[in-house]
Structures are given as C-alpha cells and as structure tokens.
Amino acid sequence: MRRGGIHTDDHAGFDRPRRRTRPRTKDRPDYSGADLGLVITVDRGRYRCLLLDSDGAADPDAIQVTAMKARTLGRRSVIVGDRVRLVGDVSGDEGTLARIVEVTERSTVLRRTADDDDPYERPIVANADQLVIVTALADPPPRTGMIDRILVAGYDAGLEPMLCLTKADLASPDELEAAYAPLGVPVVVTEPEADLTRLHGLLEGRISVFVGHSGVGKSTLVNALIPGLERAVGHVNEVTGRGRHTSTSAIALRLPPGPDGRGGWVIDTPGVRSFGLSHITPADVIKAFPDLVEFTADCPRGCEHGADAVDCALDEAWRSGEVPRARVDSFRRMVSARALPYD
Ligand SMILES: Nc1nc2c(ncn2[C@@H]2O[C@H](COP(=O)(O)OP(=O)(O)OP(=O)(O)O)[C@@H](O)[C@H]2O)c(=O)[nH]1
Ligand SMILES: [Zn+2]
C-alpha cells in the first residue's frame, strides 16, 4: 500500500467508526469461496453445471455437476448461462447432487413474456452477448413480425442481434436482407452443405443465444457448427408447416475454436411460437438506436415515437436529412412490433 506523507490524509478514513446500515447476520453467509459453476441446461428442477476455474474460465475438460436450488434462493430463477456458487458434493460423480446457493450478477438477461396477456416476465438466458435470430426462408415461411419481436427483446436485453436465414435452397433471401439492412443487423444465409466459416467467425469469442420458430433448422445449424453434437433434428409437419418441438430446454454448447484458436458458446433454445413483449416500452427500444435518441429530446412529453405519433421529432429528423428515413421507419417498425398481437 502507498504510504501517506505528512500532508496527505490517506489514512483519514481508517479509524473513523464505520456506520453499518445493515448488520451482518448469520443468514447472509459469504459464499465467495464456494465453487463457481456455469449453468448449461435445466431439466425439471435439476441444473447441469460446468465447474469453472478460479478466474471464471471453463476448461474444455471441466467437471459437470448436477445441482438443485438451495431453499435460501426462494423463488429466484436460475437459468441457462447463469454463473452460480455451488456447495455440497461437487465431485460430479453419478448420483451426486450439489446445491446452488448464489446466482452471481447477470450482465444481460434475455426475457420474454409467455404472451401479451401474461405480463409475467420469463427470463430465458443469462449473460449472453449476441442474439442469433434463426429464420427459414421457406417451410415454415418467414414472419417478419416474429423476427421484429425477437429483435426488440434482444435490443431490450442489450444483446447484439444477428439474422441467420436458413433453407436458401428453397427461397431467395433478397427481400428479407433488404428489409433488415437499415437496422445494421448482420445477415448470414445458409442452406444444406453451406460453408459456415463466416458464421463461425461471428460467433467466436462470444456467448450467442439462438432463437427461432420451431422447424426453422436451428438444430441442423448447431449440429453443423459443433461436429459430433448430433442434436435431434425434427421434421416439419406436412399439414401445418409447423415443426415439432424436438428440443425441450435451452442448452449451452461449446463452440470449437476456429482458425485463430478462439471458441465461444452457443446457447440453443427450444423453438418458440410466440414472443411476448408486454414488459418492454418504446423507451427500452430507442436505447438500441443511439443515432436516433438525441432527436427525441425535442419530442412532446410522453411521445412514443410511433408512425402515428403527433409532432414526433423523428419526423423532422428524416425530413431535414439528418438521418435516413429508412432508419426511422425501421425503428418505428420495432416499436409497433411490440404492440402486434402475437402469433
Ligand atoms: N431444405 C432445407 N431443409 C432444412 C435446412 N435446414 C434444416 N432443414 C430441415 O428442416 C427440418 C427442421 O430442422 P431442425 O434443425 O430440427 O429445426 P429446429 O429449428 O431445430 O426445430 P425445433 O427443434 O423444433 O426447434 C428438418 O427436416 C431439417 O432437415 C435447409 O437449409 N434446407
Ligand atoms: Zn417522438
């Protein structure tokens, strides 16, 4: 420690009595020394965790333990991607069960509401930094409303979005690519036997959560990215065009290192049919549009910046040429996606 000279007051705070606002009690134990684990999947109240080393890194041959939630966590959710403190038997041996006693602070949380009449927020994945929206170009046909809603959830969570368009052997990606260009969302197009080098490069060194409607080819894609994985691949129902729900829980999968030696994590989630957003406000959405935020300072109080908003300053912004109109329109499409009836 640095020594204080005569004229410094480095130690001034040391012998002042500390005021404690909350007394330390027996029921707030210190778990900072307990083992740290990464929750990789959840199944009926059992959490599969990968033991992390002391600096929080996941060794390729790290032990996997099964754990349950300690009673002290109460109703607190533990979700895939969470970094948790574990006590009890962390040997990972067959039949053993550790206990999760603490969930460390999450850097991000991707959430959705079950539907728009159900305002209860359901966190899906913690600590991801990238959102890969997987959409088939056909079979099932793309639904921009759904893409927009997932995008909005990603913006709200502070994740960087990416669009992955599958089944390019069945339909052209041009229209969708054009629709998302003003949002600056990277687009990757795939088809059977496609070269995934670019996609792999975008995933390296990151924690990416894959979200999409059932049957879009998410498992097929994840299997191609992670050789030897063999996630179950379903079949699109010929009558309804909908995929079967072949995967039931989110799962974190290690991405093998690419040419420059960096791996990453891919979090595959079960196919979704709807993506409720009733927990999100227009103010949450505009945070993801830093180039537009400054203009909204001139909006009337309570302006929601939608297409039908009166005197919204975003109109002046595109009219004067300060921002492209397509950019404002895209933002507004996101705001209205929030309010769409879910499908
Ligand atoms: N034509 C074509 N079919 C594909 C492509 N990718 C996947 N499929 C087929 O689409 C169907 C659904 O693929 P999955 O990978 O199971 O889809 P999923 O999104 O994981 O579905 P869930 O597990 O229900 O969420 C399977 O029959 C795949 O063989 C593609 O690029 N082109
Ligand atoms: Zn406005």
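Guide: What follows is an account of the aromatic ring pairs, with a short note on charges over rings. The model is predicted. A search of the whole structure finds 2 aromatic pairs. In one of them, the ring centres of Tyr 155 and Phe 289 are 5.4 Å apart and the planes meet at 65°; since planes over 60 degrees apart count as edge-to-face, this pair is edge-to-face. Tyr 155 belongs to helix α1 (residues 144–157), whereas Phe 289 sits in the loop between α5 (282–286) and α6 (290–293), so the contact ties together parts that are 134 residues apart in sequence. Tyr 155 has a relative accessibility of 11% and therefore counts as buried. Phe 289, at 0% relative accessibility, counts as buried too.

Phe 289 also pairs with Phe 331: their ring centres are 5.1 Å apart and their planes stand at 70°, so this pair is likewise edge-to-face. Phe 331 is buried, as is Phe 289. Through these ring pairs, Tyr 155, Phe 289 and Phe 331 form a cluster.

Aromatic faces also take part in contacts with arginine. Arg 333 lies over the face of Tyr 180, 4.9 Å from the ring centre. Arg 319 is placed over the face of Trp 318, at 5.3 Å from the ring centre.

Methods. Residues numbered from 1 in each chain as written. Chains lettered and ligands numbered in written order. Predicted model: local features only at pLDDT ≥ 70, side-chain atom pairs only at ≥ 80, totals over all residues. Heavy atoms only, no water. Phe/Tyr/Trp six-rings, centres within 6.5 Å; stacked < 30°, edge-to-face > 60°. Helix = DSSP H or I, 4+ residues; strand = E, 2+ residues; numbered from the N terminus. Buried < 20%, exposed > 50% of the residue type's maximum accessible area, 1.4 Å probe, protein only. Lys NZ or Arg CZ within 6 Å of the ring centre and 35° of its normal.
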